[in-house]
Amino acid sequence: MAVDLSRRSVIPYGPQHPVLPEPIHLDLVIEDEKVVEAIPSIGFIHRGLEGLAMKKDFNDMQYVIERICGICSFMHGMGYCEALEGIFEVEVPDRAKFLRTIWCEMSRIHSHLLWLGLLADGFGFESLFYQAWRIREKILDMAELTTGGRLIASVNKIGGVLKDIDDDMTKAILKNIGEIEEELKQIEKTFLLDYTVQSRLKGVGVLTKEQIHELGGVGPVARASGVNVDLRKRGYAAYKYLDFEPVTSNDGDCYARCNVRLHEVYQSIDLIRQAIAKLPEDRTLAVPVKGNPDGECFVRLEQSRGEAVYYAKATGGKFLDRMRIRTPTFANIPSLCEMLKGATLSDVGLLVITIDPCISCTER
Amino acid sequence: MGKVARSPWLLHYDGSSCNGCDIEVLACLTPVYDAERFGIMNTGDPLQADIFLITGGVNTQNKDVVKQIYDQMPRPKVVVAVGVCACTGGVFKECYNILGGADSVIPVDIYVPGCAARPQAIIDGIVKAVALFQERSDEHDAKVKAEKKGGR
């Protein structure tokens with residue numbers, strides 16, 4: 001009988017871990033230095049928001065839904081509002097659509113810059129982390145100027161938006177995103193061309209196009225493996241009036257994911273410019289919505305991490321019967337577990353970051 | 001300013017927050033706000049930490065984790081609850097899985113309000129925590145000294 005000489009051990013990873021700002025727990029089965037299997041266990045941030053939707057007024061719920069996640073806050077609020085607008089069958093005014101698009105792209109820029117910083121921190125490049133976060137503060141200033149909050153915007157309402165962006169603000173936004181573009185070009189060289197960064201990222205955690213299809217990967221993770229999927233092409237909000245092509249790459253490794261997200265920041269800057277140029281003159285911000293919702297609606301959005309799905313069902317009461325949200329990180333966890341197989345223990349932190357995990361979205 | 005107040009180490013744990021306060025805590029440590037100018041260092045190791053920053057409320061799954069981290073930290077220690085969820089439970093108070101603020105599991109010394117707490121408020125909380133940490137450290141030293149004297 002053959003004797004298995006290799007020794008397996010299990011290393012618990014998380015929930016409190018230096019590389020993670022958020023708690024996720026993985027049991028890593030390792031053989032020498034190689035990870036054989038990763039078993040995720042989630043639930044450390046589970047609050048029960050879908051349950052809360054059944055006992056809170058549907059108008060108030062908008063502000064709770066925004067607090068599912070502080071990073072994708074605006075897009076969560078927008079997804080909820082679009083679902084309810086679908087039930088009420090109202091059409092949002094054009095200006096509100098463009099304003100939503102601008103805020104969406106602003107939160108995408110801040111989310112991606114945040115991720116670039118965390119990635120740099122993950123491979124131990126501290127100064128690059130600081131540079132990415134320094135640039136990110138500029139977009140937060142613009143969020144504060146236009147909405148009043150740095151992270152939680154609270155400008156959505158069912159039927160439109162609550163605040164307008166005036167001409168002074170658009171000038172400030174254009175000036176700021178110009179500066180961000182310039183400064184990002186400087187650190188882009190380090191992210192993409194630096195020898196040490198490349199040696200940590202290239203060929204690590206490769207996922208092929210077929211694997212992505214099999215595992216159901218979404219967002220930048222899928223696009224980095226050559227899957228051309230971007231729900232903004234669905235044309236919700238004002239995206240149907242804007243001209244853009246999804247950023248894709250074919251390598252499927254950590255370097256490709258970094259490359260895709262970096263170029264998506266430029267794309268978002270371009271989209272904000274287009275949206276500001278086409279901002280409609282009519283300053284109606286919202287249409288009135290009367291009564292209680294009755295019916296069901298299903299909405300898909302492209303968040304900074306990938307596809308998010310919102311489902312709402314109501315039967316004419318003040319409260320919703322069911323609210324269901326499928327978040328992008330949840331869809332990407334199978335891809336992560338596949339990536340971790342065969343990786344060395346030292347790469348685990350990097351690979352976890354590379355899917356841009358948002359645990360508070362996932363667990364709600 | 002005493003000796004220990006110049007270099008307290010800080011540990012951050014995300015309870016069940018929405019991430020908003022967490023990234024503001026991180027933003028505090030990066031160049032624009034730079035809490036490190038107070039001699040603070042962000043650490044991931046509870047055994048070496050002096051100040052415990054907790055964001056978000058406590059739920060049934062993470063209450064043991066929070067308690068364990070607190071118990072692992074050496075005395076003297078200071079706990080700062082960042083954001084309205086860590087203070088009282090916030091908007092998630094009525095959720096079925098939320099037990100309440102951080103003080104339902106561990107003693108909290110300083111409460112930082114806000115949703116999400118602004119970096120300026122977090123830095124204010126940290127500075128207050130540093131002063132409290134010095135105070136407790138002096139008390140601890142005096143106690144140890146008295147015990148030594150009594151022992152002889």
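Begin by selecting L10(B), which stands opposite N42(B) in β2(B). The model is predicted, so local features need pLDDT of at least 70 and side-chain atom pairs count only at pLDDT 80 or more, while totals for chains, interfaces and linings use all residues. Residues are numbered from 1 along each chain as its sequence is written, and chains are lettered from A and ligands numbered from 1 in the order in which they are written.

Next, display strand β1 (residues 9-14) of chain B, joined to β2(B) by 3 bridges in a parallel run; strands (E, at least two residues) and helices (H or I, at least four) are DSSP runs numbered from the N terminus, and two strands pair if DSSP finds at least two bridges between them.

Move to chain A and select helices α6 (residues 167-193) and α10 (residues 254-277), which pack at about 165° with their axes 11 Å apart; axes are lines fitted to C-alpha atoms, for helices over the stretch in contact, and angles run from 0 to 180 degrees between N-to-C directions. That angle makes α6(A) roughly antiparallel to α10(A) (over 145 degrees).

Finally, select helices α3 (residues 73-88) and α4 (residues 94-122) of chain A, packed at about 145° with axes 8 Å apart. Here F74(A), M75(A) and M78(A) in α3(A) meet R100(A), W103(A), C104(A) and S107(A) in α4(A) (C-beta atoms, placed from the backbone, within 7 Å).

Note on methods. Angles under 35 degrees count as roughly parallel, over 145 as roughly antiparallel, 65 to 115 as roughly perpendicular and the rest as oblique. Two residues are in contact if their C-beta atoms, placed from the backbone, lie within 7 Å.
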